[in-house]
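User: Please take a close look at the side-chain contacts in this structure. How are they made up, and where do they sit?

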Amino acid sequence: MARALIVVDVQNDFCEGGSLAVEGGIAVASAIAAYAAASDHDVVVATRDHHIDPGSHFSEDPDFVDSWPVHCVAGTPGAELRAELSGTRFDAVFDKGEFAAAYSGFEGRDHARGVGLADFLRDEGVTSVDVCGIATDYCVRATALDAAGAGFATTVLADLTAAVAPSNTARVVAEWEAAGVAVSGAPM
Ligand SMILES: [Zn+2]
């Protein structure tokens, strides 16, 4: 009956100063680091957007809904986890989106281990997950919905997330609740 903390996409390009900066990203990175240090989760994992050639996910004229400025290119500093998390011990890191858009961490793989997120969690005996990170309305949204769909008891730690468009948050919270995802804390 292990519990996991899933830290979604807290990467340089998604924080202030990055190519697809989400307002509040650095504050979320710091808050997650403090939370993880004080928490008693059995398993702590990270996901990363990790693009090589994701097709129409990148655009020179992005709509910020389905297309985006170039971000989180594999091997660049923008794809690295924020330095605030350098002291956080991750049991595994799941990279996603190499050749197509991938919002959910459950589409990712830990390449060193050769395993996807759902199988990793099940192998660790995880039955419940807490989800936090960036962005509330995209990758946190999708990761939490997939976690619930995969049968994990799922809670979003909303005060440890930051949104691309805060006006999306009410709709996303309603989607989570309809899917059985619990939401704790108010979104930042
Ligand atoms: Zn992306």
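**Cysteines and charges**

The disulfide count is 0, where a disulfide is a pair of cysteine sulfur atoms within 2.5 Å. This is a predicted model: local features need pLDDT of at least 70, side-chain atom pairs count only at pLDDT 80 or more, and totals for chains, interfaces and linings use all residues. Residues are numbered from 1 along each chain as its sequence is written, and side-chain values use heavy atoms, leaving out hydrogens and water.

Buried means under 20% relative accessible area, exposed over 50%, and partly exposed in between (1.4 Å probe, protein chains only).

Next, the charged pairs. There are 12 salt bridges, each a side-chain nitrogen of Lys or Arg within 4 Å of a carboxyl oxygen of Asp or Glu. One of them joins Lys96 and Asp49, with the closest N and O atoms 3.1 Å apart. Lys96 lies in strand E3 and Asp49 in strand E2, so this pair ties together parts that are 47 residues apart in sequence. Helices (H or I, at least four residues) and strands (E, at least two) are DSSP runs, numbered from the N terminus. Both Lys96 and Asp49 are buried.

Arg89 pairs with Asp91 at 2.5 Å, N to O. Here Arg89 is exposed, at 57% relative accessibility.

Asp119 and Arg122 form a salt bridge at 3.8 Å, N to O. Both sit in helix H2, 3 residues apart, about one turn of the helix. Asp119 is partly exposed at 43%, and Arg122 is partly exposed at 43%. Helix H2 covers residues 117-123 and includes Leu117, which is buried at 0% relative accessible area.

Arg3, Asp40 and Asp130 are linked in a network of salt bridges.

Glu60, Asp61, Asp63 and Asp66 form a negative surface patch. Patches take residues with over 30% relative accessible area and no salt bridge; like charges are joined within 9 Å, nonpolar side chains (Val, Leu, Ile, Met, Phe, Trp, Tyr) within 5 Å. Asp61 lies in the loop between strand E2 (43-49) and strand E3 (92-96). At 65% relative accessibility, Asp61 counts as exposed.

Conventions. Accessible areas come from the Shrake-Rupley method with a 1.4 Å probe; for residues, only the protein chains shown count as cover. Lys and Arg count as positive and Asp and Glu as negative; His and the chain ends are not counted. The place of a charge is taken as NZ of Lys, CZ of Arg, CG of Asp or CD of Glu.
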